[in-house]
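Good morning, and thank you for coming. May I ask you to look at the model now on the screen?

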Amino acid sequence: MGMSRHLPAYAVITAAVLLALPHARAEESEAARAARWHDVAAAIFNGKPITENNAVLQLDAPPRAMDSALVPISITIRPDAKVVALTVVIDDNPAPVAAKFQFGPLADPHALKTRVRVDQYTLIHAVAELQDGSLVSTSRFIKAAGGCSAPGGTDQTEALARIGRMKMRLTSPAAPGEPMTADLLISHPNFNGMQMNPVTRLYTPARYVQNVSVTEGGRTIFMMQGDISLSEDPAITFDFRPAGTAPLDVQVNDSAKASFHQSFSISSRPS
Amino acid sequence: MGKSFNAVISCLGAALACGAFLCAAPAGANPMPFDMAQAAPGDFVRVGACDEATAANLDGIANIGFIVGHDGVAVIDPGGSLADGNRLRATIQADTTLPIRYVIMTHAHPDHVFGGAAFLPDHPVYVGHWRLPAALANRATYDHARLAGLLGAARTGMPVAPTLLVHDTLALDLGGRILRLRAFPPAHTDTDLAVLDTGSGTLWAGDLLFVGRVPALDGSVTGWLRALAVLGAMPASRAIPGHGPAIVPWPAGAADEKRYLEALVKDIRADLAAGEPIDKIAATAGTSERQLWALFDSYNGHNVIVATKELQWE
């Protein structure tokens with residue numbers, strides 16, 4: 001995992017620059033944004049070439065965020081494209097890589113939704129790795145500010161009391177053997193290190209969801225690596241092809257080395 | 001319904017009047033006093049512009065004001081910028097020679113607190129919710145950068161952290177005039193403080209009460225509804241909203257806000273039960289209220305997302 005090895009240093013440098021200049025980039029030119037993406041992409045994907053291809057994948061996000069701490073994004077991938085991994089990059093965030101999904105044999109990786117923090121006007125990129133190893137991307141420009149550095153009224157005590165709780169909502173397949181859609185919601189404050197505890201008045205150390213794996217009967221649907229750019233209470237909507245009637249197992253590990261597990265039955269769903 | 005519509009009109013009317021007034025104000029060393037509304041004997045209110053912060057309105061978009069007792073003055077919300085606070089201070093100085101004893105902050109939002117430093121020469125006690133120091137420390141750099149981009153750094157100023165903190169309730173005496181302060185659990189924000197002026201039976205509700213301008217949710221929607229129930233039981237016959245006209249009858253003046261918040265909760269719960277995705281919920285919940293509020297489209301979607309974060313765990 002080259003990505004996780006060099007990300008922290010990169011994230012810290014970026015954070016220092018961006019926090020000092022919260023709005024300096026708001027009106028920057030298209031050329032400057034392209035240059036930014038070039039640098040970010042090179043760091044994340046080790047200089048591997050990335051082809052923009054809006055026919056293979058699409059990214060939907062509101063052009064202007066209603067809540068910059070929770071921006072719903074939706075990625076769709078052409079049904080015939082063989083996708084093995086998907087990375088969501090928020091170019092101008094303190095930690096640009098929001099999440100990397102690696103799909104397993106039970107995944108139907110053609111539609112995925114999640115919720116991210118957006119700290120300032122930025123391009124968001126989705127990068128898909130295809131079976132042949134090539135990388136294709138698409139992007140959206142989004143207007144938002146303060147998603148990381150201006151937290152709202154979340155009660156930290158309440159958030160920690162609920163940590164690790166999960167909810168899953170499954171929709172019935174169109175026909176037996178067809179893919180099912182699951183909405184997974186994980187209670188986790190995903191502290192990004194920029195929030196202050198009202199009692200101690202010290203910055204709450206970053207504590208965020210690092211890994212999520214969803215399996216059925218031991219076979220993988222996906223594994224996700226997360227970071228501080230995922231919203232509080234990470235949410236993932238994904239499609240999968242159930243292999244049988246075994247429950248879905250969700251395993252979550254966070255950066256404080258806590259782990260949470262929950263099983264969700266799929267067998268009682270009408271088909 | 002007719003009442004709500006009138007409230008929107010009066011909110012917009014106030015924006016136009018204030019806009020013209022503020023445009024004529026000099027930015028120099030002699031701040032121009034505000035034209036204040038006397039909400040009750042001894043309770044004076046500057047009605048905020050029904051708009052977003054702009055260079056012309058100096059972020060004077062919230063209702064701010066002061067209470068005059070026998071021995072001293074309490075400021076309730078020092079204003080949206082240093083320039084806004086300087087004008088409030090000039091207004092008080094033109095009205096009375098009594099000392100400014102307290103600067104009370106109703107919550108952490110910049111349109112209410114950035115004028116704080118204007119009153120430092122008066123050496124008042126700064127008062128706020130027990131969570132306010134952390135909230136200001138968390139937000140101030142970010143809020144300052146955003147406001148300074150509009151007003152310039154010199155006019156923007158910085159908030160002053162409170163040193164007298166309210167954990168539950170607190171009484172302040174202005175000399176024969178008792179102010180009863182109450183801190184709330186998360187509602188509009190997580191730093192909400194309301195002030196009951198027992199001298200006139202007037203409730204300074206801060207942003208726990210919006211009239212005409214759509215409420216902005218930055219805390220807990222169910223907590224806000226609980227706070228409204230507590231406020232409604234207070235012995236006040238009128239209230240000063242954080243945004244809206246200078247004065248409304250109490251508790252009747254909270255009816256529109258209560259209806260809006262209840263509509264949000266009802267719509268979001270129904271959508272969550274139906275498995276609607278959050279972007280769809282944000283586009284539809286609460287929209288039956290669109291015609292009844294100023295600035296609805298600027299805030300409703302945000303309110304829905306904040307409320308959904310909370311209600312999704314029920």
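This is a predicted model: local features need pLDDT of at least 70, side-chain atom pairs count only at pLDDT 80 or more; totals for chains, interfaces and linings use all residues.

Residues are numbered from 1 along each chain as its sequence is written, and chains are lettered from A and ligands numbered from 1 in the order in which they are written.

I begin with helix α2 of chain B, residues 82-95. Helices (H or I, at least four residues) and strands (E, at least two) are DSSP runs, numbered from the N terminus. The 14 residues of α2(B) reach 20 Å from first C-alpha to last, close to the expected 20 Å; that expectation is 1.5 Å times one less than the number of residues.

Of those 14 residues, 10 are buried, that is, with 20 or more other C-beta atoms, placed from the backbone, within 10 Å of their own. Among them are Leu82(B), Leu88(B) and Ile92(B). The buried residues pack against β2, β3, β4, β5, α4 and α5 of chain B.

Finally, how many residues does each chain bring to the contact? Chain B and chain A give 28 residues each. On the chain B side, α4, α8 and α9 each supply at least two residues, and α4(B) gives the most, with 9.

Technical notes: A residue is buried if 20 or more other C-beta atoms lie within 10 Å of its own, exposed if 12 or fewer, and partly exposed in between; C-beta atoms are placed from the backbone. Two residues are in contact if their C-beta atoms, placed from the backbone, lie within 7 Å.
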